[in-house]
Amino acid sequence: MELSENAVKVLEKRYLTKDEKGNVIETPEEMFRRVARAVAAAEEKYDNPQRAKELEDTFYNMMTGQEFLPNSPTLMNAGKELGQLSACFVLPVIDSMEGIFDAIKQAAIIHKSGGGTGFSFTRLRPSGSTVRSTGGVASGPISFMKVFNSATEAVKQGGVRRGANMGILRVDHPDILEFIQCKKDNREVTNFNISVAITEDFMRAVEKDEEYPLINPHNREIVEWLKARDVFELIIEMAWKNGEPGIIFIDRINRDNALLKIGEIESTNPCGEQPLLPYESCNLGSINLCKMLKKEGEKWFVDYEKLGYVVDMAVHFLDNVIDVNRYPLEAIEKATKGSRKIGLGVMGFADMLIRLGVPYNSEKAIAIAEEVMSFIQDRSKQKSRELAKSKGVFTYYPESTYSEEGIELRNATTTTIAPTGTISIISGTSSGIEPLFAVAFIRNVMDNDRLLEVHPLFEEMARERGIYTEALMEEICKKGSLKHIDGIPDDIKKLFVTAHDISPEWHVRMQAAFQKYTDNAVSKTVNFSNSATRDDVRKVYMLAYKMGCKGVTIYRDGSREEQVLNIGKVNQTVKDLSISPRVRPQITKGFTEKVRIGCGNLYITVNYDDKGICEIFTNLGRAGGCPSQSEATSRLISIALRSGMDVKAIIEQLKGIRCHSTIRQKANGNGKDIKVLSCPDAIGKALERVMKLENDFKKVEVVKEPINAAGDKKTICPECGSKVEHEGGCVVCRNCGYSKCG
């Protein structure tokens, strides 16, 4: 196998079998053999053991040849005791306390097994509604989302895959305005991606500048009318600020729902590319397009004969997964086997275009996307028909649109364009249908060493053209793009464009080109520069709507609070980042509170300006105590506040600290008026009171952005300190394989 050093590292950390002490006891070849054998074994259920052996070798060669890889849970769990192979699940959230907490329990089981979950909270009655059975008042969908979020945080997946969720609310739900803003603070609902389910009626109202109704899902009554453009502008505002919410065009998704008689699709998986009915799961896999090329003379061409064969085998592989999968719930097994949905997609598209000599942002690239995906779509349906003849159609077939058309298929859907995250690292290729993230970058390795990594096709071309130097590669790392670097021919600059070199319109057009020939949906991030305006976001949303996309996710560079600046200087590890406090403002407003402690009276002053709480002063009365320690505590807190540290985090650290003199006074009966445990505890409680006053009067909006002094904005990986890429509403680190949604 031709595995890069980075691919081996990711496999060892996240995929290969380990013993009880955490030692790797499996090679990459053994992993692929384990997966191939387990998936091929499905043939034995159809009394075809000889075919099982043949397919085992075929599947093994396809994976070790980096031509096709299934989603991560299949690689991790096939042939093992857990045996849960699906990545995507959708669970219903019923409007009752029992239904809500059933969904939480089911999600925890799925997360423990390595899957991600999608939920629509649209069935839940809005906050403030009367609950007839108890006479109480409903708390609404967003409050329950936070309960789901906490449950997800509590479930760890063995350090391999952390739980991820999609939260969806229809645009006509009465709590839609609260939902759109529920991630205004990025420390809230951290384990969710959120998307608004937008209807065709809403979009028509936006275009005509009309009002539209909000409907109580409990009794279907109209409770209010809102101006559609105002709601649309709020979605744009929040997406511009931090990339969420995304939008999905729910009517468009159900227009293509082959099982509409079974039920309406309400939600998708965490990255938005897999719409599913309640309790359905889906198994995804991707073909490496860069391996589907052949060279004739000096030119490269798409090898459609090879691509067709790999499509056939990949469809067979994914269909077999449905039979050998061990499902976390009976309802999921029934629904999944009922529709037998699979999602075959692609990766390495950007690398393929480079080989073909075609710039990503060109009409020719759009034409190639349509041609390749049209071929994959048609061939996957052809293979599904072949499997239906030998193994039978899916159980729900009589209720499907295919039955009405007289088309017998094994699978209700066959194609999905998913983000490929770590499997593209293993395959050594570009991710999904995304453009390149970087042409060259620095990878952090052990002992704070730094390793220059250059895109192999760029290095190959640069050496052929005689322009390759270490100094040039270092310059590319610093600038992050070839755009403004002298000495590189224009044709190479056009070919090796990165995500931020490409205008947002080309991102949408490419997504639409693939969507045209994809059953399910397409995961794609539309990248904006930090200077992009709200109007830029609006244009992309309208373009995605008009071009037939089923949803759209945008990300404006540097818009998330956890962002740090790290291009311009070579990427550093987290611990090396330098964060300086902002200058103390000349004028502040504040509150002074007198608090009784064991040493006497403590006077606490909490000051704030238009950017939030910025300083603490303390002064002890004549009784004495330890003024130097109180002053030191106050100064450190003030520096932390002006450096962007979360006030809540500071409060959490201070509250509950005990002091022996204060405790002793209370124990002796002399401290009946003492309401605190110590000076730090008093300061923490004072901070908490001021923060609540701020929120109540909505005087300030605290924005925190820890940065270094380098000059550009990229998110860093919490595990290795490398830059991460935004993909389909999630982030993935191509250095160590870390990924997180929400």
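Which residue follows H3, and is its phi positive or negative? Helix H3 is followed by Gln 66, whose phi is positive, near 60°. The model is a predicted one, in which local features need pLDDT of at least 70 and side-chain atom pairs count only at pLDDT 80 or more, whereas totals for chains, interfaces and linings use all residues. Residues are numbered from 1 along each chain as its sequence is written, and side-chain values use heavy atoms, with hydrogens and water left out.

Helix H3 itself covers residues 49-64; helices (H or I, at least four residues) and strands (E, at least two) are DSSP runs, numbered from the N terminus. Its 16 residues reach 23 Å from the first C-alpha to the last, close to the 22 Å expected, where the expected span is 1.5 Å times one less than the number of residues. Buried residues (under 20% relative accessible area, with exposed over 50% and partly exposed in between; 1.4 Å probe, protein chains only) of H3 are Ala 52, Leu 55, Glu 56, Thr 58, Phe 59, Tyr 60, Met 62, Met 63 and Thr 64. Their cover, counted by contact (heavy atoms within 4.5 Å), includes helix H2 (28-40), strand S1 (68-70), helix H4 (72-77) and helix H11 (304-324).

Further along, helix H5 (residues 97-112) contains Met 97, which is partly exposed at a relative accessible area of 49%.

Turning to the strands, S22 (residues 589-597) and S23 (residues 600-609) pair in the antiparallel sense over nine bridges; pairing requires that DSSP finds at least two bridges between two strands. The two form a hairpin with two residues between them, and Lys 594 stands opposite Tyr 603 in S23.
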